[in-house]
Amino acid sequence: MLIIKQYLPIPKQTDNEFWTVERIEHIRQLALTGKPSKIFPKWNSLRILDRVRFKNEDPKISETPKAMTFTKLAGIEMSAPLYLGDMSYGALSGNPNIIIARAADLTGTLAGTGEGGLHPEVAKHKRIFVQWASARFGVDFDVLMHGAGIVIKIGQGAKPGIGGHLPGSKVTEPISLTRRIPVGIDAISPAPHHDIYSIEDLGQRIEALKEATGKPVFVKVAATNYIPYIVSGIARMGADGVIIDGHGAGTGATPIVIRDNVGIPIELAVASADKVLREQGMRDNFYVIAAGRVADATDAAKLIALGADIVSVGTGALIAMGCVMVHKCHIGSCPTALTNKIDGSRMIDTDFGLKVLVNYIHGFSLELANILDNLGLSSIDELKGRRDLLVGKGLSRETLSVLGIEGEEEELPPKLGELWSRRRKVYLHELINKGDPVITSMGSTAPPDVEKPARIVDWLRSDGAQVTRPSIDPYREDIDTSFYLAGGRIYLSLPVIFDIIDAPEDERNALQWASLALSSGVFSNVTSKYYEDISISHDGKGVIKWSKNYESGSYILLPSSEEAVEEVLELKGIPGFIIDEDLGNEDLEVVISEIDTKLKRMGIRKKFDLIAKSSRIRDSGDIFKFVALGADSVIMSYKVFDVALGEGSRSDLKSKAFNLISGFKKEIALLAGAAGVYSVQSTLTGNRELLRAINLNSYLLQKLRVKVAGSL
């Protein structure tokens, strides 16, 4: 067995990461010395929290700061406002779980156990919060009686609206015994708790757990659209506090499509939740723990000033123990023995891990005390809710309003990045080879926070249902992703049509075959024999005709432009409109949204199909968002298939095309289930309320009629 007892070199980062080499090196410096190193760092980033500054920032450091970081959480005394994640035994490989629990005891902080039962060595420690999650893996009364508190896990930031996911390859004998599940089988928790379908149900569970154990009960939720209402409801139901897990939080395994498209940043969620709690007179004796991308003490200080009581550090703790951010947690081959499969091949040395983690906590706490000193504050409690100390730079006025801070308004252009990033190409390549939603690990690298946005949909996030309404479990329930178009003449099993005009013959044949097999559609000039029932074609021999000119009974193809918005209002006797971004001069998101809105206001929306067409629609996340903005379906270019193939083999193209369409269908079902949507066409189409914008400029917000994240 290989024992890891020192840091491994940090690999060269070829893609954009939130956890940059600079952030990792800062954490390592704290972990190696236990001394303060750096405060008030300035990052060149689009992340909102990085664009929030303290008005008076003095970066000087003292090894003996005067301010006190001592605080209390639900009557529990803490040396610093630090909660060490919620990382399960299974996601982590055993020894890290033990190290985290020991470190919490030694430093006077707190640690979460995560879902999946309780490691017997972890159970010996006092300063742990035991998790009660939807699958109840390994949880009984004896488990609940350990530690200092209980966490009812409803959601988490890396996968809002769906349950936990531990791949079967990591379910070895020790995990099987602790979770009480078979070896080698995926452990996928239900999306909702099947005994919690309302806020009243949640209240009953909170009361029952308090009555049974006498311990404080917290509720963990993801940061999603209705977070102010959710937190208000949790407080009204008698919980001691809430853990809000923001978009970008780390995890051992999650579908990429959920990780990158669902949920809102923690800074917006904390600010809006704190505001509502104060307005409703429920802030006293109710505690808010902020989680998700807390990279350093400066992040912690900002979140506390925005309204948090405590911050949760999960990924930061793993980096302190040696994580080098290779995103391999889900396959169990972690080179640092933190998230690897428990198979006797490698293990982190507990003495090494404990030393660096304790040092990290000390160094983090000292940096936080230095921040308090430099702000002229004597204790952490004096910082709570002090928005007046903050200023925003480069944020929209709507974002500044949600945060409740002053600032310099800036309207950012929507297109800043690369349309086809390397990560997106790799994801599509894996999708065509497996045909199932692509699984990954650690926090999101999606735009606008990490990678730069390439189009407007990159600034938008979908909702994850929890507490105020239940999510729908796409792994256990059938979600209807089908669409009927042209008055019922066209049936699509998912809202996707492939443009095969100009496609190479082998790709055209593969996409037609797969579309017929899966009840998708193709867009073409000439209808191919055997594919008439799925063809929207110019020659009129398919299921319906399209034309660039007005023809009764035919779809009309219009450029994506302001003129098209006006033109559709004059046309009658046609089944619908195809709005082509490649022909127009306006962003497709804006034109689709405006046409959908105008037709609705005239009371004639259901008389027409509205189809979004572009060679720049890239994946199921784009598809889902376009439908929410008002499209009945999208027409994607065959070039998406080209991108997915990449430099790989061009053999068995039919199977790969089948996998691409099947994978999109399953991912759309995942997004719909996470949002609490059972029927995509009837519930999602034009439902902008399921979308929120992340610091999108004010002009586009108004055009799209989408709310800013964190707003009510």
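Let me start with helix 8, residues 266-279. At 1.5 Å a residue, its 14 residues should span 20 Å, and the end C-alpha atoms are 20 Å apart, so the two agree. The expected span here is 1.5 Å times one less than the number of residues. Helices (H or I, at least four residues) and strands (E, at least two) are DSSP runs, numbered from the N terminus.

Quick housekeeping. This is a predicted model: local features need pLDDT of at least 70, side-chain atom pairs count only at pLDDT 80 or more, and totals for chains, interfaces and linings use all residues. Residues are numbered from 1 along each chain as its sequence is written, and side-chain values use heavy atoms, with hydrogens and water left out.

Back to helix 8. Because 11 of its 14 residues are buried, the rest of the structure largely encloses it. Buried means under 20% relative accessible area, exposed over 50%, partly exposed in between (1.4 Å probe, protein chains only). Among the buried ones are Ile266, Glu267 and Asp274. What covers them? The cover includes helix 6 (227-236), strand 12 (241-245), strand 14 (287-291), helix 9 and helix 12 (397-403). After helix 8 comes Gly281, with a positive phi near 70 degrees.

Now helix 9, residues 297-306. Here 10 of 10 residues are buried. That list includes Asp299 and Lys302. At its start, a side-chain oxygen of Asp296 comes to within 3.1 Å of the backbone nitrogen of Thr298. Just after the helix, Gly307 has a positive phi of about 135 degrees.

8 strands close it, in the order 23-24-25-26-27-28-29-30, with parallel pairing. On average, neighbouring strands are turned by 25 degrees against each other, direction ignored. Take strand 29 (609-614) and strand 30 (633-637): they pair in parallel over 4 bridges. Pairing requires at least two DSSP bridges between two strands. Ile611 has Ser633 in strand 30 as its bridge partner. Helix 16 (588-601) packs on this sheet, touching strand 28 (576-580) and strand 29, and its direction makes about 175 degrees with that of strand 29. Axes are lines fitted to C-alpha atoms, for helices over the stretch in contact, and angles run from 0 to 180 degrees between N-to-C directions.

Last, the cores. A nonpolar core is a set of buried Ala, Val, Leu, Ile, Met, Phe, Trp, Tyr and Cys residues joined through side-chain atoms within 4.5 Å. The largest has 224 residues, and Leu383, Phe577 and Phe664 have the most contacts inside it. A second, separate core of 13 residues includes Leu73, Ile76, Leu110 and Tyr287.

Definitions and conventions
A polar contact is a pair of N or O atoms within 3.5 Å; within protein, one must be able to donate a hydrogen and the other to accept it, and residues adjacent in sequence count only if both atoms are side-chain atoms. Contact means heavy atoms within 4.5 Å.
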